[in-house]
Amino acid sequence: MKFQYLGTAAAEAVPAVFCTCEVCRRTRQLGGKNIRTRSQALIDGKVFLDFPADTYFHLIKNGIDLTDVKDILITHVHEDHFYPVEFFYLTPGFSHPDKDYRLNVFGSEDILAPIERSGPKGSSFLHPTAVKPFEPFRAGHLTAVALPAVHGTPHPYFYALTDGDKSVLYCHDSGIPGENIFAYLKENGWRFDLVSLDCTEGSNESIGYNAHMCLGWDKQMRDKLIASGLADEKTFFVLNHFSHNGKDALYDDFKEIAAKEGFLTSYDGMEIEL
């Protein structure tokens, strides 16, 4: 399995729009891996995790043909993860896919009304599906399970995914999940080769709200996954979804801090072969 991070920022991106904070000023000066677009990932060149407004840029930058991607999993309906306006261009006359093209979009019931409102008109190409938590479903060559996240939309998810050989836990835009989720994963025999964790608040040891995470909480999450037998010393633990407001937010600063704690730090375009 090839896992690629296309975008690794929180909603404002880094540098943030309109911002003149120190992190954003330094990012503009330094460039490189410090520049982060809105969060999105790609598995084996075929399955998207989230669909932000930066998707078009990600396609061009990484040489991805969107018609090779047939399945999209949406974590939640905040616009930095779900930008259904782009689906409008599947309307006949705006684009011309092969006649058998089918784009499957999975998420909670929250995705259905926005797609109906702003998606394609008269198109047979787009197929949104509301999936239920804890009920496995097929997304292309993957089996996926939606898990309830702790975040600020009605039904936010994060995902466990497997190709039958390698498995990924993609946990973003969530605080530390409930005990029932760890129990479910353990009871159903999951063991993860890659765990991608939210680190919106950077190197802080704790934060005052439970809708994102920080390095201190990521350490707790990692230790709990390992103690539950859901991960081990061979698992890649990667921190992702960074905000310019997070402590030590600049990639050049944070990567060394994270490495000392045994974490990899994501950057736009990063690839991990499992």
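Q: How many bridges join strand S4 (residues 71-73) and S5?
A: This is a predicted model, where local features need pLDDT of at least 70, side-chain atom pairs count only at pLDDT 80 or more, and totals for chains, interfaces and linings use all residues. Residues are numbered from 1 along each chain as its sequence is written, and side-chain values use heavy atoms, with hydrogens and water left out. Helices (H or I, at least four residues) and strands (E, at least two) are DSSP runs numbered from the N terminus, and two strands pair if DSSP finds at least two bridges between them. S4 and S5 pair in the parallel sense, and their bridges number three.

Q: Which residue in S5 is the bridge partner of Asp71?
A: S5 spans residues 103-107. Within S5, Asp71 has as its bridge partner Asn104.

Q: Which residue of S6 is the bridge partner of Val105?
A: On to strand S6 (residues 126-130), which pairs with S5 in the parallel sense over five bridges. In S6, Val105 is partnered by Pro128.

Q: Which hand does the β-α-β unit of S5, helix H3 (residues 112-118) and S6 have?
A: A crossover is right-handed if, with the strands pointing away from the viewer, the path from the first strand over the helix to the second runs clockwise. The unit made by S5, H3 and S6 is right-handed.

Q: Are the residues of S5 that point either way buried or exposed?
A: Side chains alternate between the two faces of the sheet in a regular strand. Leu103, Val105 and Gly107 point one way from S5, while Asn104 and Phe106 point the other way. With buried meaning under 20% relative accessible area, exposed over 50% and partly exposed in between (1.4 Å probe, protein chains only), all of these residues are buried.

Q: How many disulfides does the count come to, and why?
A: A disulfide is a pair of cysteine sulfur atoms within 2.5 Å. The sulfur of Cys21 is 3.5 Å from its closest cysteine sulfur, in Cys19, so it is too far for a bond. Likewise, the sulfur of Cys24 lies 3.6 Å from the closest one, in Cys21, again too far.

Q: Which of buried, exposed or partly exposed describes Cys21?
A: Cys24 has 0% relative accessibility and counts as buried. Cys21, at 25%, counts as partly exposed.
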